[in-house]
Amino acid sequence: MTSPTADMAARFAAITLGHVGRAYPYKLDHVLTGAHDAVPPASLHPIFHGSFDWHSCVHGWWQLLTLRRLFPDLPAAATIAARADAMLTPSNVAGELAYLDRPMSAGFERPYGWAWLLALHGEAARHDTGWGAALAPLAAAFAARFAGYLPRLTYPIRVGTHPNTAFALVLARDWAAAHDASLVTAIDRHARAWFGADRGCQAWEPSGDDFLSSALTEALLMSRVLPAPAFAAWFDAFLPDLSRGEPATLFAPAHVSDRSDGKIAHLDGLNLSRAWCWRSLAVALGPGYPHGAAMTAAADRHLAASLPHLDDDYMGSHWLATFALLATTADLGSD
């Protein structure tokens with residue numbers, strides 16, 4: 001399995017530094033309550049007004065800060081720090097918080113953007129700078145939104161795109177493990193209720209614009225929630241035919257027919273996120289798990305299918321490097 005090299009990290013950083021400050025094109029998640037709301041993205045989002053959309057800008061920053069930590073000698077490390085110093089400030093965070101207080105903003109970026117903001121704060125807090133402290137109020141606001149939302153979510157959302165519940169809770173739980181014990185408890189309770197009895201997954205995927213595997217993200221969440229022996233038993237019941245390489249669709253990378261189409265380009269993200277999930281699941285199940293080699297091989301195939309295409313077109317380059325970093329650092333777990 002490929003792990004990130006210094007050259008790969010430099011490539012990821014160069015791609016992302018090229019878009020976190022790029023203002024246009026930009027896709028707003030924005031409800032206009034009147035003509036006064038028709039303003040440029042930077043007026044609404046002092047930090048996250050690049051990268052085509054809010055959530056991609058958030059996880060672009062997560063990726064840059066993570067690269068700076070993992071590769072302190074990266075040529076771009078000083079540039080990343082300087083730009084973070086300018087953007088991740090209390091005054092800019094106050095502007096982002098003000099957006100959350102607008103009328104009709106309760107569902108803004110739910111839950112994908114919420115989860116990535118928590119991940120960004122978690123990463124920022126690991127640096128010896130003021131970035132974590134600056135972002136803390138924004139993280140607290142989204143953690144409170146999760147706490148209020150989970151009891152109202154009667155059914156989990158299992159699609160392969162942004163509303164996916166399991167993916168958001170993987171990131172949120174990783175953050176909460178260090179910052180909010182009550183949120184860990186809530187996530188674990190709801191994950192067990194929603195997914196604990198799932199058996200014999202058919203994996204009807206991918207759909208034409210998936211960038212997440214509904215099956216594998218659910219399994220990844222349960223690997224966080226359940227103790228190791230209980231997770232192994234759950235996983236064997238959830239995917240009981242792994243010894244035969246089934247469901248076959250989970251082992252085969254998706255074909256991407258048009259990387260200039262923003263929705264079809266999602267399938268490169270599916271390949272990268274599946275690589276992350278397969279590799280993370282193999283780590284969680286341990287070296288003695290009988291299907292671990294097949295899972296790691298599946299991760300390798302998926303990564304190889306899309307890693308060369310991170311910057312073929314802006315429809316992919318504004319976000320794919322984040323998922324490439326997830327896939328290539330999966331053996332580090334949630335640390």
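Which residues form one aromatic cluster in this structure? They are F48, W54, Y99, F108, W114, F142, F146 and Y149.

The model is a predicted one, in which local features need pLDDT of at least 70 and side-chain atom pairs count only at pLDDT 80 or more, while totals for chains, interfaces and linings use all residues. Residues are numbered from 1 along each chain as its sequence is written, and side-chain values use heavy atoms, with hydrogens and water left out.

Let me begin with the aromatic rings. A pair of aromatic rings is described by the distance of the centres and the angle of the planes. Here, rings of Phe, Tyr and Trp (its six-membered ring) pair if their centres lie within 6.5 Å; planes under 30 degrees apart count as stacked, over 60 as edge-to-face and the rest as tilted. By that rule the structure holds 23 aromatic pairs. In one of them, W114 and Y149, the ring centres are 5.7 Å apart and the planes stand at 75 degrees, so this pair is edge-to-face. Because W114 belongs to helix α6 (residues 112–124) and Y149 to helix α7 (residues 131–149), the pair ties together parts that are 35 residues apart in sequence. The helices I name, like any strands, are DSSP runs numbered from the N terminus: H or I with at least four residues for helices, E with at least two for strands. W114 and Y149 are both buried, where buried means under 20% relative accessible area, exposed means over 50%, and partly exposed lies in between, with a 1.4 Å probe and protein chains only. Both residues are also members of the cluster with which I opened.

S273 touches F211, L212, S213 and F323, leaving aside residues up to four places away in sequence; contact means heavy atoms within 4.5 Å. S273 is itself buried, at a relative accessible area of 1%.

I turn now to helix packing. Axes are lines fitted to C-alpha atoms, for helices over the stretch in contact, and angles run from 0 to 180 degrees between N-to-C directions. Helix α8 (residues 165–179) packs against helix α9 (residues 181–195) at an angle of about 150 degrees, the axes being 8 Å apart. That makes α8 roughly antiparallel to α9; angles under 35 degrees count as roughly parallel, over 145 as roughly antiparallel, 65 to 115 as roughly perpendicular and the rest as oblique. The residues in contact include L169, A172 and W175 of α8 and L183, V184 and I187 of α9. The contact residues divide into 12 nonpolar, 2 polar and 2 charged. In this classification Ala, Val, Leu, Ile, Met, Phe, Trp, Tyr, Cys and Pro count as nonpolar, Asp, Glu, Lys and Arg as charged, and the others, Gly among them, as polar.

The next pair is helix α3 (residues 54–70) and helix α4 (residues 77–87), which pack at about 135 degrees with axes 10 Å apart. These two helices are therefore oblique to each other. On the α3 side the contact is made by W61, L64, L65 and R68, which meet A77, I80, A81, R83, A84 and M87 in α4. Of the residues in this contact, 8 are nonpolar, none polar and 2 charged.

Finally, the backbone. Where are the cis peptide bonds that I wish to show? One joins R110 and P111, with omega about -10 degrees, and P111 lies in the loop between α5 (90–100) and α6. Another runs from E205 to P206, with omega near 5 degrees; P206 is in the loop between α9 and α10 (214–225).

The loop between α5 and α6 also holds E109, which has a positive phi of about 60 degrees although it is not a glycine. E109 is buried, at a relative accessible area of 8%. In the loop between α9 and α10 we find A203, a residue other than glycine with a positive phi near 55 degrees. A203 is likewise buried, with a relative accessible area of 8%. Thank you for your attention.
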